Number of protein chains: 2
Amino acid sequence: MQDARKIKDLLYEQVSRIGKVFSSPKRLELIELLCQGEKTVETLANEASISVKLTSSHLRELRMAHLVETERQGKNIYYRLADKSVADMWVQIHTLAEDRLIELQLALQKIAAQPDDLVPSDRESLMKAARKGEVVVLDVRPSEEYLNAHLPFARSIPIEELRQRLSELPKDRSIVAYCRGPYCLMAADAVELLRQEGYSAIHLREGVAEWAVASKAA
Amino acid sequence: MQDARKIKDLLYEQVSRIGKVFSSPKRLELIELLCQGEKTVETLANEASISVKLTSSHLRELRMAHLVETERQGKNIYYRLADKSVADMWVQIHTLAEDRLIELQLALQKIAAQPDDLVPSDRESLMKAARKGEVVVLDVRPSEEYLNAHLPFARSIPIEELRQRLSELPKDRSIVAYCRGPYCLMAADAVELLRQEGYSAIHLREGVAEWAVASKAA
DNA sequence: CTTTCATTCTAGTAAATACTGGAATGATTA
DNA sequence: TAATCATTCCAGTATTTACTAGAATGAAAG
């Protein structure tokens, strides 16, 4: 019976290794970034606003849990998620957090509290409209991330280029902007800019990872 | 821009609160127990082999993350999962751990390394056979857990009563035993006992939580 | 009023964690 | 050879965590 306890302790201990990875805010941010495609350590460090050394140590934790893989390309080392299921887990955990934590719901309402933010229920109708060309789905992430994966029918204009490339967008149709996910502020900024310039813009909170999970569930 | 950083930090911080809950082996064990139905603090402490006080403090963490609810019934306080999605998350996280951690795979192979353990792919055929009465699906958990939820067509004989109630089981058909999930040893023990007594017994690794997630995905 | 169940407070230990900085190492490219 | 990208080692700090034990508190049952 003592033997059984030891075995159980060992098993839960192993599972907790995965839980530990998801228990650090910065590691969560790195995982979300890696959901957009492979990236170098330097890119990850800059995006997450931490030092390369600290990034390296967080990535080490991810590697030791076998949640990421590395590949050397010239001078750079690229990190990527080891499996699609890691991206799914990120979506599951932040969704659970949004469902259970009132504090998180309030924080999310504060940023971009537009009444017309698109929520998952609109998914099919959005795709139908996008297919017909009734709306423009706009991906405002860096173009490498768009090239790695993007929503169906989406057009790419990175947020930094948006102001100069406004003329590419129609004023007679709604523009649905999205970015990395609900914790990324790029789409919210894009919507603000577009509205100032007289466009009809809507903020889609989901990123490609959230979209993928939602599509599977449907 | 500094403002944006602060907002992001706050959001990831909140999500990490949920991750932290799943980063402790004992809390994972408590969650798995609560997946079987509501339980008192004392029961949880005994099952997890820890003191009531420590159990209480772990449950406090779960409460503060709004993952469990409590209800007073007479002298006892019953804990239960606040939502089905918490049970789903437990299944997702231990599944991810099993997929990614070789150490966990090896540990699981050691316990009950029977070649005929049932794996998820057999789910539909198992149900078909159970419906026709070709196999007996046996739930060896305590009867309260069986009453709370059990697999379709399952019969309940708690592991402690199994030896005395062997005569209730047929020798001409296969007996598929299951318990709380892959980290619970009751079904493995039951299979061992049944085989010693001349029964044809098979170990189903999934519990009701795993079954529910798998059924949704299919 | 006592017992039972459960939480909380205080207090303490041991270990792990997140982060910083400096210096060394290694691999690759130019 | 020098520069770049990344990791690692060493050292140190601050914080958090898991756990133990003793004592007090509270809520309900008998």
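Which elements of chains A and B each supply at least two residues of the surface near DNA strand C? In this predicted model, they are α4 of chain A together with α3 (41-48), α4 and β3 (76-81) of chain B. The largest share, five residues, comes from α4(B). In total, 21 residues lie around DNA strand C. The nearest are A:Ser24, A:Gly74, B:Thr40, B:Glu42 and B:Ser56. By class, this surface has six nonpolar, six polar and nine charged residues.

DNA strand D is likewise surrounded by 21 residues. Here the closest are A:Thr40, A:Glu42, A:Ser56, A:Asn76 and B:Ser24. Two or more residues each come from α3 (41-48), α4 (52-64) and β3 (76-81) of chain A, and from α4 (52-64) of chain B. The residues near DNA strand D divide into six nonpolar, six polar and nine charged.

The two protein chains also touch each other. At this interface, 43 residues of chain A are in contact with 43 residues of chain B. On the chain A side, α1 (2-21), α2 (25-34), α5 (84-100) and α6 (102-110) each supply at least two residues. The most come from α1(A), with 16 residues. By class, the side of chain A that touches chain B has 23 nonpolar, ten polar and ten charged residues.

Symmetry was examined next. Chain A superposes on chain B by a rotation of 180°, with 0.0 Å of shift along the axis and an RMSD of 0.0 Å. The two copies are therefore related as by a two-fold rotation axis. In chain A, A:Gly19 has the C-alpha nearest this axis, at 2.9 Å. Both copies use the same surface, and 100% of the contact residues of chain A recur in chain B.

Chain A itself has ten helices and seven strands. Its C-alpha atoms fill a box of roughly 70 × 40 × 30 Å along the principal axes. Of its 218 residues, 42% count as buried. Contacts between residues at least 6 apart in sequence were also examined; in chain A, 58% of them join residues at least 24 apart.

An open sheet of four strands is found in chain A. Its order is β5-β4-β6-β7, and the pairing is parallel. The edge strands are β5 (154-156) and β7, each of which pairs on one side only. Neighbouring strands of the sheet are turned by 35° against each other on average, direction ignored. Strand β4 (residues 135-139) runs parallel to β5(A), and three bridges join the two. In β5(A), A:Ser156 is the bridge partner of A:Asp139.

Helix α9(A) lies across β6 (174-178) and β7 of chain A. This helix runs at about 165° to β7(A). The loop between α9 (186-196) and β7 (201-203) of chain A holds A:Glu197. A:Glu197 is partly exposed because 13 other C-beta atoms lie within 10 Å. A:Glu197 and A:Lys171 are 26 residues apart in sequence. In space, their C-alpha atoms are 9.5 Å apart.

The corresponding region was examined in chain B. In helix α9 (residues 186-196) of chain B, the buried residues are B:Met186, B:Ala187, B:Ala188, B:Ala190, B:Val191 and B:Leu194. These buried residues of α9(B) pack against β6 (174-178) and β7 (201-203) of chain B. An α-helix has 3.6 residues a turn, so residues three or four places apart point the same way. Just after α9(B), B:Gly198 takes a positive phi of about 90°.

Chain B also provides a view of β2 and β3. Strand β2 (residues 68-73) of chain B is joined to β3(B) by six bridges, and the two run antiparallel. B:Glu69 has B:Arg80 as its bridge partner in β3(B). The two strands form a hairpin with two residues between them. In the turn, B:Gly74 has a positive phi of about 65°. Strand β3 (76-81) of chain B is also one of the elements that supply at least two residues of the surface near DNA strand C.

Definitions and conventions: Residues are numbered from 1 along each chain as its sequence is written. Chains are lettered from A and ligands numbered from 1 in the order in which they are written. This is a predicted model: local features need pLDDT of at least 70, side-chain atom pairs count only at pLDDT 80 or more; totals for chains, interfaces and linings use all residues. A residue is near a molecule or strand if its C-beta atom, placed from the backbone, lies within 6 Å of it. Ala, Val, Leu, Ile, Met, Phe, Trp, Tyr, Cys and Pro count as nonpolar, Asp, Glu, Lys and Arg as charged, and the others, Gly among them, as polar. A residue is buried if 20 or more other C-beta atoms lie within 10 Å of its own, exposed if 12 or fewer, and partly exposed in between; C-beta atoms are placed from the backbone. Two residues are in contact if their C-beta atoms, placed from the backbone, lie within 7 Å. Copies are superposed by least squares on the C-alpha atoms of residues with pLDDT of at least 70 in both. Two strands pair if DSSP finds at least two bridges between them. Axes are lines fitted to C-alpha atoms, for helices over the stretch in contact, and angles run from 0 to 180 degrees between N-to-C directions.
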